[in-house]
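Let's look at one surface patch and the helices behind it. Please bring up the model.

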Amino acid sequence: MGREATSESIKFFSPIVIWTKFTSNPQKYDILYSAFREYYKVWLELICKAVKETDESQIFHNLEAQHRYLTWRAEKDPGRGVLKKLIGDTLAKDMLRSFLFNGVDELGSKTFNDYFPQYCCQEGNLNKKGNIIGKSFENRPWNARGEFIGE
């Protein structure tokens, strides 16, 4: 990732996420690649052991959580500004909603303001400022059991 995780974004990520930023160095690339291989191996093992969810309330909860994440990313993705400059606002919005974060329009009907009312200005518009909420975390804000301990 390009910068520290913020309390705004960190709640969407797993405690086992690889989040790093470092200066270029072949030894550091080797270390990161080794960590990635271990991570991928564990991920494959978890996928092989996964059991299909059948509890309808848990399925609904999972779909809503995915929709909440897609809604946030489609609006707050750090690459949005670059895309807007390259291809214009309309095409950038379309690419974010129908390609990069596909499903945001199909998985639910809640809006960004429904999930994140703290971004709504008095006029009802979205506050377009960057990370307006939260501090950044240089280290993992989870304990050894994977519980979020950040503020």
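H4 gives the most to the nonpolar patch, four residues. The model is predicted: local features need pLDDT of at least 70, side-chain atom pairs 80 or more, while totals for chains, interfaces and linings use all residues. Numbering runs from 1 along each chain as its sequence is written, and side-chain values use heavy atoms, without hydrogens and water.

The patch covers about 690 Å² and includes Val82, Leu86 and Phe99. Helix H3 (80–87) and helix H4 (89–100) each give two or more residues. Helices here are DSSP runs, H or I, of at least four residues. Nonpolar side chains are joined within 5 Å.

Now the packing. H3 and H4 meet at about 130°, axes 7 Å apart. Axes are lines fitted to C-alpha atoms; angles run from 0 to 180 degrees between N-to-C directions. Contacts (heavy atoms within 4.5 Å) involve Ile87 in H3 and Leu91 in H4, among others.

Definitions and conventions
Patch = residues over 30% accessible without salt bridge, like charges linked within 9 Å, V, L, I, M, F, W, Y side chains within 5 Å. Areas by Shrake-Rupley, 256 points an atom, 1.4 Å probe, with all protein chains shown as cover. Salt bridge = Lys/Arg side-chain N within 4 Å of Asp/Glu carboxyl O.
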